[in-house]
Amino acid sequence: MWFVAFILLFPFLAHAESADVMRYGAVGDGRTDDTAAIESALADGPEVHFPAGFAFLTDGHVIRDPKKLTCGQGAVLKQRAENLAPNEPEQILSFTAGSSGSVLEGCILDGNRDVVKTYFAQKERACLVLDAPRLMLQNIELRECMSVGLYAASETEKPGLTLHNISIHDTGLGMRVKHIDFAQITNLTLDTIQNESIPVFQHGVDIWHSEGFQLANLRITNMGGDTDGLSTWTSGLTIIESTGQITNLYLADVIAESLGHIGVSILSSTITGSNWQILGYGGTPLELQSNAHFSLSDFLIDCKYQIP
């Protein structure tokens, strides 16, 4: 009986093993180029796993069909810069329209900014690009991205994006959502947002032209700061021509050197919110423009900085 059961299960067991990128030649030492090994794993099936504790140096990957990518604890995908050709991906992972329904879980994406900027100064590069509907990401960390942590935009099918437990730090623009309807975003944390690639803009979260979004438990801290004397426009949360609900917003220590420093900016949008705190802030805590409709309960402002 056990032999029959083994024969029946063997194809599934073999597939589960083959999904591990190490079986395709990945080294995972953070120095060896693992791009080809990861590409082979992606081409072989719908599920790919990056084992715990390894750092995979890569030129970046475009996901063109539905995939489930999972990472063990501490697994890192790190942007490689040396000898990167101009036509190669400008992000660590990019999910295109054909990848609808894909899942990304448990991964750390490291933009390797200190190295990348020596090759691509003043060039916008994102750690993660989402251009497909019905994607689900959970337990993801984005760090040291050249200019943008997460960029989600769909010009074709708009509905559906689920983000849960996302941490973004040490990047220029934390997250932009554009033309994505009914996005569900919970437990989003951003820290140390300083754009070295294009320092005039330092934004935490931007939401553009998106209907019916739900954003809960957003925490943004330590934005702006030293920009080598360049004029900087800093905004914690910007919403443009969108509708949605935001609950449990914590925004602290958002400063800029000159052009502007705005906590939350709402333009031509309809937004309801509850339990917002804007603390230790220099500038305009809340800006409403161009026929914005806004309803908020439980709001606390404590501005301790005075920026000339």
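Buried denotes under 20% relative accessible area, exposed over 50%, and partly exposed the range in between (1.4 Å probe, protein chains only). The structure is a predicted model, in which local features need pLDDT of at least 70, side-chain atom pairs count only at pLDDT 80 or more, and totals for chains, interfaces and linings use all residues. Residues are numbered from 1 along each chain as its sequence is written, and side-chain values use heavy atoms, with hydrogens and water left out.

**View A. Salt bridge between Arg 143 and Asp 110.** The two side chains meet at 3.1 Å, N to O (a salt bridge is a side-chain nitrogen of Lys or Arg within 4 Å of a carboxyl oxygen of Asp or Glu). Arg 143 lies in strand 11 (residues 135-143) and Asp 110 in strand 9 (residues 108-110), 33 residues apart; strands are DSSP runs (E, at least two residues), numbered from the N terminus. Arg 143 is partly exposed at 23% relative accessible area, whereas Asp 110 is buried at 7%.

**View B. Salt bridge between Asp 33 and Arg 80.** The closest N and O atoms of Asp 33 and Arg 80 are 3.6 Å apart. Asp 33 belongs to strand 1 (residues 29-33), and Arg 80 to the loop between strand 6 (76-79) and strand 7. Asp 33 is partly exposed, with a relative accessible area of 37%, while Arg 80 is buried, with 14%.

**View C. Strand 10 and strand 12.** Strand 10 (residues 126-130) has 5 of its 5 residues buried. Strand 10 runs parallel to strand 12 (residues 148-153), joined by 4 bridges; pairing requires at least two DSSP bridges. Val 129 stands opposite Tyr 151 of strand 12.
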